[in-house]
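These are my notes from looking through one chain.

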Amino acid sequence: MGGHTHRPLLRTLEGWQLLNPGSVGMPFEQRNGAYLNVARAGYLLMDEVPDGWSIQFRRRAYPARQIREGLR
């Protein structure tokens, strides 16, 4: 489990999995050659199942404008 890429990530290499849930505070997506803060917090759920793990990436929108105004 890691972080700091601001993007959800699941990679498998030689039986190991690298997971990154994404970004809660500064999620970005590239659109039309520019980066956009999409105001969706990323997280993941992991549940142990009989043959390993069930991994579900989730996103939840948040009111970015209200947060910016509150910080000012």
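I took two strands as paired if DSSP finds at least two bridges between them. Helices (H or I, at least four residues) and strands (E, at least two) are DSSP runs, numbered from the N terminus.

The model is predicted, so I kept local features only at pLDDT of at least 70 and side-chain atom pairs only at pLDDT 80 or more, while totals for chains, interfaces and linings use all residues. Residues are numbered from 1 along each chain as its sequence is written, and side-chain values use heavy atoms, with hydrogens and water left out.

**Entry 1: strands and hairpins**

Strand S1 (residues 9-13) pairs with strand S2 (residues 16-20) in the antiparallel sense, over 5 bridges. Thr 12 has Gln 17 in S2 as its bridge partner. Between S1 and S2 there are 2 residues, and Glu 14 in this turn has a positive phi of about 50°.

Then I went to S5 and strand S6 (residues 52-61), an antiparallel pair with 10 bridges. This is also a hairpin, with S5 joined to S6 through 2 residues. Opposite Tyr 43 I found Arg 58 in S6.

**Entry 2: the chain as a whole**

I noted 1 helix and 6 strands in the chain. Along the sequence the pattern reads β-β-β-β-β-β-α. The radius of gyration is 15 Å, well over the 11 Å that the globule rule gives for 72 residues, so the chain is more spread out than a compact globule. That radius is taken over C-alpha atoms, and the rule is 2.2 Å times the number of residues to the power 0.38.

The C-alpha atoms fill a box of roughly 50 × 25 × 15 Å along the principal axes. Of the 72 residues, 18% are buried; I use buried for under 20% relative accessible area, exposed for over 50% and partly exposed for in between (1.4 Å probe, protein chains only).

I also checked contacts, meaning heavy atoms within 4.5 Å. Among those between residues at least 6 apart in sequence, 19% join residues at least 24 apart. The chain exposes about 6000 Å², and carbon and sulfur atoms supply 53% of it. Accessible areas are from the Shrake-Rupley method with a 1.4 Å probe, and for residues only the protein chains shown count as cover.

**Entry 3: positive phi in two loops**

I looked at Asn 32, in the loop between strand S3 (28-31) and strand S4 (34-37). Asn 32 is not a glycine, yet its phi is positive, about 55°. Asn 32 counts as exposed because its relative accessibility is 84%.

Ala 39, in the loop between S4 and strand S5 (40-49), has a positive phi of about 50° and is not a glycine either. Ala 39 counts as buried because its relative accessibility is 13%.

**Entry 4: Ser 23**

I placed Ser 23 in the loop between S2 and S3. At 9% relative accessibility, Ser 23 counts as buried. Leaving out residues up to four places away in sequence, Ser 23 touches His 6, Arg 40, Ala 41 and Gly 42.

**Entry 5: Met 46**

I found Met 46 in strand S5. Met 46 counts as partly exposed, at 33% relative accessibility.
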